[in-house]
Amino acid sequence: MKLELNDLMGLCYATDQLLADSVALGAVIQQAFSEEFGFLLDDAIIRGSGNGQPLGIMNSNAYVSVAKESGQAADTVMWENINNMWARLWSKSRMNSAWFIHQDVLPQLNAMNMPIGTGGVPVYLPATGIAGSPYSTLFGRPVIEIEQADTVGDQGDIMLLDLSQYLMIDKGGLEAAQSIHVRFIYGENTFRFTLRTDGQPIWNSPLTLYNSSTTVAPFVLLDERA
């Protein structure tokens, strides 16, 4: 494994008049860039190319992908999918794992049933049904909605991840600098934000269980259901 610091950089221009008239603008700019940098880093952890940026889980060889059920309809999530994903998670990752989903997946989770005889029972909703709040957990692990996930039906719409098995490095944190010289003749201040970082999964391949042919990993994805 080799990690090299790469620069994530953002620039913003603001006129002298705007800064003078809006005393809090500098703080607003800093907050906005901090939030956007966080969004981009989260996206890189999921799908980064590894070229000048972190290597994302989906572009690595560190995950296992669970196949859809036979005859499963497109753009659906079934109880069997969730059960099979949990079975392919490395057992030592279970206490650190979380489900990461796209918001489009929520209707599928709310309607998901565990078959029992000729009927079924809700998996994600509490006993009071839609009158109560969803448990927001599956197998006791939190369900977290993120924009970086793919839409329902695509690989990456629902992921079971132990992010303690993803190694991230940075140096110095988010650095902010301001200059009046870059666009001096335009009467503008330049704000520059820089973060030096890199990351990749600790694993380079799934693990084959002892006395079994089953492969497990700390990162589990559900295959496309088209």
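**Briefing: strands, loops and surface of a predicted model**

Strand β14 (residues 219-222) runs parallel to β2, and four bridges join the two. Two strands count as paired if DSSP finds at least two bridges between them. The model is predicted: local features need pLDDT of at least 70, side-chain atom pairs count only at pLDDT 80 or more, and totals for chains, interfaces and linings use all residues. Residues are numbered from 1 along each chain as its sequence is written, and side-chain values use heavy atoms, with hydrogens and water left out.

**Sheet and hairpin**

- Strands are DSSP runs (E, at least two residues) and helices are DSSP runs (H or I, at least four), numbered from the N terminus.
- Strands of a sheet pair through backbone hydrogen bonds, either parallel or antiparallel.
- An open sheet of six strands has the order β2-β14-β8-β3-β7-β6, with mixed pairing.
- Its edge strands are β2 and β6 (137-138), each of which pairs on one side only.
- Opposite Ser-65 stands Leu-221 in β14.
- Strand β4 (residues 113-116) and strand β5 (residues 119-122) run antiparallel and are joined by four bridges.
- Met-114 has Val-121 in β5 as its bridge partner.
- Two residues separate β4 and β5 in this hairpin, and Gly-117 in the turn has a positive phi of about 60°.

**Loop between β2 and α3**

- Gln-72 lies in the loop between β2 (63-66) and α3 (79-87).
- Gln-72 counts as buried because its relative accessibility is 6%; buried means under 20% relative accessible area, exposed over 50%, and partly exposed in between (1.4 Å probe, protein chains only).
- A polar atom of the Gln-72 side chain lies 2.9 Å from the backbone nitrogen of Glu-69.
- A polar contact is a pair of N or O atoms within 3.5 Å; within protein, one must be able to donate a hydrogen and the other to accept it, and residues adjacent in sequence count only if both atoms are side-chain atoms.
- Asp-75 is partly exposed, because its relative accessible area is 39%.

- Most residues other than glycine have a negative phi.
- Asp-75 is not a glycine, yet has a positive phi of about 60°.
- Phe-139 is not a glycine either and has a positive phi of about 55°.
- Phe-139 sits in the loop between β6 and β7 (141-145).
- With a relative accessible area of 35%, Phe-139 is partly exposed.

- Lys-171 is in the loop between β9 (166-170) and β10.
- Lys-171 counts as exposed because its relative accessibility is 51%.
- Not counting residues up to four places away in sequence, Lys-171 touches Leu-5 and Arg-196.
- From C-alpha to C-alpha, Lys-171 and Leu-19 are 30 Å apart in space, and they are 152 residues apart in sequence.
- Ile-180 is in strand β10 (residues 175-183) and counts as partly exposed at 43% relative accessibility.
- Ile-180, Phe-184, Ile-185 and Tyr-186 form a nonpolar surface patch, and together they have about 510 Å² of accessible area.
- Patches are made of residues with over 30% relative accessible area and no salt bridge: like charges are joined within 9 Å, nonpolar side chains (Val, Leu, Ile, Met, Phe, Trp, Tyr) within 5 Å.
- A salt bridge is a side-chain nitrogen of Lys or Arg within 4 Å of a carboxyl oxygen of Asp or Glu.
- Accessible areas come from the Shrake-Rupley method with a 1.4 Å probe; for residues, only the protein chains shown count as cover.

Conventions: Contact means heavy atoms within 4.5 Å.
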